[in-house]
Each structure stands twice: as C-alpha cells, then as structure tokens.
Amino acid sequence: MTAALQAYAFEASGGKLRVLRYEADVRLAVGRVLRDLGVPDGADVALLADGAQKLTSTGELGEEVTAALAAGGYLVRRPALEIGGHGLVLDEATVASAASAVDGARAVVTVGSGTVTDLGKAVAPAGVLLVAVQSAPSVNGFADSLSVLVRGGAKSTTPTRWPDALLIDADALDRSPARLVAAGVGDAVAIGCSGADWLLASALQGTQADAAALVPIRDAVARLAAGAHAPGAMPALVDALTVGGLIIGALGTTAPLSGNEHLLSHILDMSAMAQDQPHDLHGAQVGVATVLSAALWDVALSEGLVRLAPGSAYPDDLEERVSEVWSRVDASGCLGATCAANVERKRALWQGGDGLAPGVLAEVRAQLVTPEAVVGTLRAWGAPTRLRELTPPVDAETARWALSALPFMRDRLTLADLLVVGGAWTDEFLDKVIARADAAGGGL
Ligand SMILES: [Zn+2]
C-alpha cells in the first residue's frame, strides 16, 4: 500500500479516515492507534466480532486484538452479537441491540470482514472513535462511509460513517479462507461493467458522472488478471478493494461500482432470504453476475440496442411487471410493494425523453471489458464463474428469473432499464445473453 493511497484515503474521506495501514501484525498495534487518536488510558472500548475464528500466525485475530487493547490499558467489552442461520444479518433488531451494547464506550473496534465492519459504522455514534480491523479481502466496503443494512427484509445501502482507522492485517489476510479471497476478486471485477451502467444512468437521469474518477480502480483491478499466484497478488487485491471503497466513499454513492451485477446479487439474496434459504457470499455472486452483465452489454451493443428514440419512457404496465416478478418469491406482495416503490422513484428521475446524447455510447464502451476477460480473472483466483458453481448452487430456473428481475428491484438505473424502455427486455434477448456468457465460460 503506497503513501499515495493513504493520502487519497484522507482526502477521499474529507479527513475522516485518518489511519490506513496494511501491514503484518498491525492487529497488535491497535492500542497504540487508539492512543494516537486521542482515546485515554482506562477508557471503555467495545469490540464487535462476528464469532467466526480468524486465524493469524500467532493465534486468533479477535483474541489478539482484545489482548492488545487490554495491554494498552483499555477496558474491553465484547458484547455477544446475534448470529442466526444466515450468519450475522444487519436487520433492524440486530443493529438496535448492537447500538445499545456499545452505548457509553469511548471507542468501537470491529474485527472481521464486511458485515461486522458495516455494523460498526452503523452503531458507533459520531464522536466515538471507530477502528476497523479487517480480517479478509472479501469485499470493497471497508474504506467507505456506507453500510449494507437489511430493512423490511430488503438489503439497502445506507449512509453511515467512516471508520477513523482501517487496519488491514496482512498476516490474517494471508490466512483468510480461499472463498473469502475469491469473493473479494468477484466484488472487484464488477468495475468491468458497473462504470458503464453508471455513465448510462447519469446520461438518462441528468446527473454528473466523471469517468476519470474510475481510472484508479480500473487500473488496480487490471492487476488482478495475473491471478492468485502472481507476485504481489494479495497486495494488488487489497489495493483494488481499498481504492474501490474510497471511490464509493468520496462520491457518496456505490453507483459507479454497483450496476447490474450487484442488482443480480441482491436479487439472489432477497430471493433466498424470502424463502429462508442460504445464499453465497456477496462477492462470489457479484463475480459470476459480472460475467452475465458483461454479456448483457455485449449483446445489447452488438445488436444495436443501446439507443433511445426521442420521447421514450417507461411502459405503462411497469408496476404490474414489478409485482408479477416478485410474486414468485413472496406471495404476500410485500417485496413486490417495496420494489414497486423503488422502481417508481427511478421512473420519476427519468430524463431520457430527448434520447441518448451523442458521445455517451463511446464513453460507455470505454468502460467495458469482455465476458472472457471477467471469466479469465475469476478463474485465475479460483473463483466461480457460473451460478451453478455457487454455494449453494443457483438452479437455471432461478437464475433466469433473477436475470429477468434486474430492472424491477431498486431505484438504480442500468442498461436493463434502457432495454425495458426500448421494448427489448424480452425472454429472447435474455436467452442470447445467457448463451453469450456460456460461450465465455460463465453465466448459468
Ligand atoms: Zn459489492
């Protein structure tokens, strides 16, 4: 990790992320970091960990951080978090109980991967120091000011706060489970299409999007193509994920790094949760979905579908289509109603009535990688490339349904919306997308 990246972290966070360290044994320095950030000796520190064992070369990460804090003179409390069949789920009850468990602490320290870090950001009040000790390179959501929370059964990305310090323990990362590492790669490769969705959305909603802001993340992710066994592979992955988080934090939105591939992953989560079934890691799903998203762009561009006739708008039966899609997993209509409200916000923001401005197509194309390139990087890290390779596997019928649901879930506009507006979002089109992904070695 370069000094330039640390300086960027300070700048991107508006001075909030003051300490960013990626070092072997940085876990043992946590007491010193707290002291340097002004937490006095004897202060009460709440430590949040998700309960999973996280090995280092000398022990268990949570235990070692606890011991390091105690040795530094702090009074450490470790409230028990509610861990259910889906692991740690940040629903309303869990967040409220964690918030009361850390009440009164001078500092909150999280130890773990994405979910527990998001919990810390959600419950550490302003004025209470927050230190995140990262245990795995599983997701890009560490170095940012957002948390993915579950509200009303649906995941939603919520503005929370920056950590004051992010300590990435190289020793723990080198021992983190292979599937967490592969998931991080899956989350990172999303930039191969998400930037295109973001630029298109900006053009159709009249918002500002600076393609140049994505150059650092595109460069960092390109280094991952060399694979898990290349020299400097783990530092390259850490850089890619950290830069990704910082860009999200700096821009205040996940949109540049979260297009159709993330929607597909969220749909799989919601579908599994509605049916009380397990689902795979966020990044594992996102990586596979990126192959499909790259195929979607490829087919749409090669068939000349990335265009818009002046006066085009969402179809009149949009709300019915949303309800119909979600009735498959939730007969109560509850998810359908939540998603219909989301989609209605998207419709209200539509400003595509004049058609696509000249130049948008070229700008979008410049952001895209091929499905083959996505598959190549995923394979080079041993990550799944097909939905049926996920744990548990996603069957072909569910996969087709999830793909068809892309424009009918959130208020985030992507290529799928343009195709709905243009009347091209059909079963026949989705068959071509699936075939294109399959030819590249991924998809279903
Ligand atoms: Zn992600």
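User: Is His 262 buried or exposed, and what is its relative accessible area?

Analyst: Buried means under 20% relative accessible area, exposed means over 50%, and partly exposed lies in between, with a 1.4 Å probe and protein chains only; the areas themselves come from the Shrake-Rupley method. His 262 has a relative accessible area of 6%, so this residue is buried, while His 282, at 23%, counts as partly exposed. This is a predicted model, in which local features need pLDDT of at least 70 and side-chain atom pairs count only at pLDDT 80 or more, whereas totals for chains, interfaces and linings use all residues. Residues are numbered from 1 along each chain as its sequence is written, and side-chain values use heavy atoms, with hydrogens and water left out.

User: Which residues coordinate the zinc ion?

Analyst: Donors are N, O and S atoms within 2.8 Å of the metal (3.2 Å for Na, K and Ca), and because water is not among the atoms, sites may look incomplete. Here the zinc ion is coordinated at 2.1 Å by Asp 187 through OD, and by His 262 and His 282 through NE2, with the donor residues spaced in sequence as D-x74-H-x19-H. His 262 belongs to helix H11 (residues 260-274) and His 282 to helix H12, so the pair ties together parts that are 20 residues apart in sequence; helices (H or I, at least four residues) and strands (E, at least two) are DSSP runs, numbered from the N terminus.

User: How many salt bridges does a search of the whole structure find?

Analyst: A salt bridge is a side-chain nitrogen of Lys or Arg within 4 Å of a carboxyl oxygen of Asp or Glu, and the search of the whole structure finds 25. One of them joins Arg 27 to Asp 25, with the closest N and O atoms 3.2 Å apart; Arg 27 counts as buried at 0% relative accessibility, whereas Asp 25 is partly exposed at 36%.

User: Which glutamate forms a salt bridge with Arg 27?

Analyst: Arg 27 forms a salt bridge with Glu 64, the closest N and O atoms being 3.1 Å apart. This pair links distant parts of the chain, 37 residues apart, since Arg 27 sits in the loop between strand E1 (19-23) and helix H2 (30-36) and Glu 64 in helix H3 (residues 61-71). Glu 64 is buried, with a relative accessible area of 13%. A network of salt bridges links Asp 25, Arg 27, Glu 64, Asp 169, Asp 171 and Arg 175.
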